[in-house]
Amino acid sequence: MKLRLLLSTILLWLIPSVVGWAQTFDTMVSTMTQQSLPLVNLEFDTTMLNFQSFITGKITIAEHDSDSTIMSQYDCLVRMRGKTALFLPKKSFAVKLVDEYGEKLDANLLGLREENSWILDAMGIDRLRMRNRVCFDIWEEYSHTMWDTSFGNRNGTVGTMVEVFVNGDYNGIYHLSDKINRQLLNLRKAKVNSDGTVTIKGVLYKGKNGLITNTLMEYEQASVDTTMWNSFELQYPEDYPCQDAWQPLMDIIDFNGTTTDQYFAEHYNEWYYTSNLVDYWCLLVAFNIMDMPYKNTFLSTPDINFGHQYMLSPWDLDASLGRDYNGKVANYPAEFGRLNFYAPFNRLIAGNIDNFKGKIASRWAELTQTALSPANLESHINAIAQRFVESGAWQREYERWQGTRVAINANINSEINYVKGWYGRNYNYISTGMAFWREDINAHTVTLMYNYLLGDDGTFYDFLDLNRDGAITATDITIAYNIMLNQ
């Protein structure tokens, strides 16, 4: 009886109850225009839908191209995804395309990528319904894989906004995206030997929770014959969980947590890519991504037989830009110490090994003029918001999901203005503090500032704008003096 009641509660979201948004898939396809978002109809037995296993179904996609509507349909497997999403009325889906025999089928959905495994993210905690996509797009503007791939060295997802229907009934705005996997990152396949043993090559781990291993400093003894070990999931090779598959992760944790400071400083470059670490730090602090690390972080290396340098790849970036993982207001700036408890950042920053803090400060100064500038963030947000409004999708989303625990506003500009205001404040706070991580602040710096302000030189040197507000003022001089006085 309790099981039936729980199942009924989970599936209530599938039952249309508001006339305003209760448009059918066929009706909306027939009225598609250039302004329409792509439409996706998932068909499956709603009484069988669950989080643990896939069920059979169909997926139909409609997109408007020039003056016609293009339709494509595939057999698929479907399940619910996302632990947080399970407790929200609007569910997210994992979808795997299959052929008529139930075998894996790769297809290029909406021009994104040739792939069989896809995500339809409900974005249920995001009151803007785009944070994950915006943050990923900006991340991919400035950070790439450390080795060549077939996907332009992309170190994150691609995706697009769509409107989803379940068995023909409207269910709201979703984010259709690919996944971070072996193919995307060009990790070498495991080899099954003639004697039945397996040679592990490329490995991909994903942080799943906040257990002690999440710091990459220590671990507890646990079974290696499963895809879950301590805080991490074996994403590849997931078919061969074993000692050889998990040992590389143990090795890097041992290096982080048991070596002397001197040994760590001399050898960390054999385990990490410094530029990747710097870019990752900038991402988390710029957007104050709250559900990371190492939960929602991938660690990968292309072939452990030829080296063990690990690259970090981010995941689930919706708890960001002034909101937490429950969609609640987080109206405060990011902390400089966000990563001080996680290896290898804790040791690199504490010891400022190889001027690691200076490298972050220099990269920050560069990125705040390009990818991480407020203007670039606003451009990304405005582009998606315009599509939401012009297509009518935002109004339908509001009518479908108003009054839920993480409610959205009827006027999308309300949340947009909040995000822009928060980012501006965080940007200024981090930019000002970054000056204290630079090692080139000295008396000559102050002289150049005075020369500029007095007009004796008149040259605007970008590196003198310590708080990155686009001007050299007395505030920058004060910051310089404080740095020199070690305050």
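Which strand does Arg81 lie in? In this predicted model, Arg81 belongs to strand S3, which covers residues 68-81.

Leaving aside residues up to four places away in sequence, Arg81 touches Phe51, Ser92, Phe93, Ala94, Ile119 and Trp315.

Next comes strand S16, made up of residues 311-314. Met311 and Ser313 point one way from S16, Leu312 and Pro314 point the other way, and all are buried. Strand S15 runs antiparallel to S16, and 4 bridges join the two. Across this pairing, Ser300 stands opposite Met311.

Finally, have a look at helix H14. Its buried residues include Asp476, Ile477, Ile479, Ala480 and Ile483. They lie on the same side of H14 because they cover an arc of only 160 degrees around the axis. Helices H12 and H13 are among the elements that cover these buried residues. After H14 comes Asn486, with a positive phi near 60 degrees.

Here are the strands and helices of this tour, for finding your way in the structure:

| Element | Residues |
|---|---|
| Strand S3 | 68-81 |
| Strand S15 | 297-301 |
| Strand S16 | 311-314 |
| Helix H12 | 413-434 |
| Helix H13 | 443-454 |
| Helix H14 | 474-484 |

Technical notes
Residues numbered from 1 in each chain as written. Predicted model: local features only at pLDDT ≥ 70, side-chain atom pairs only at ≥ 80, totals over all residues. Heavy atoms only, no water. Buried < 20%, exposed > 50% of the residue type's maximum accessible area, 1.4 Å probe, protein only. Arc of directions from axis to C-beta. Contact = heavy atoms within 4.5 Å. Pairing = 2+ DSSP bridges.
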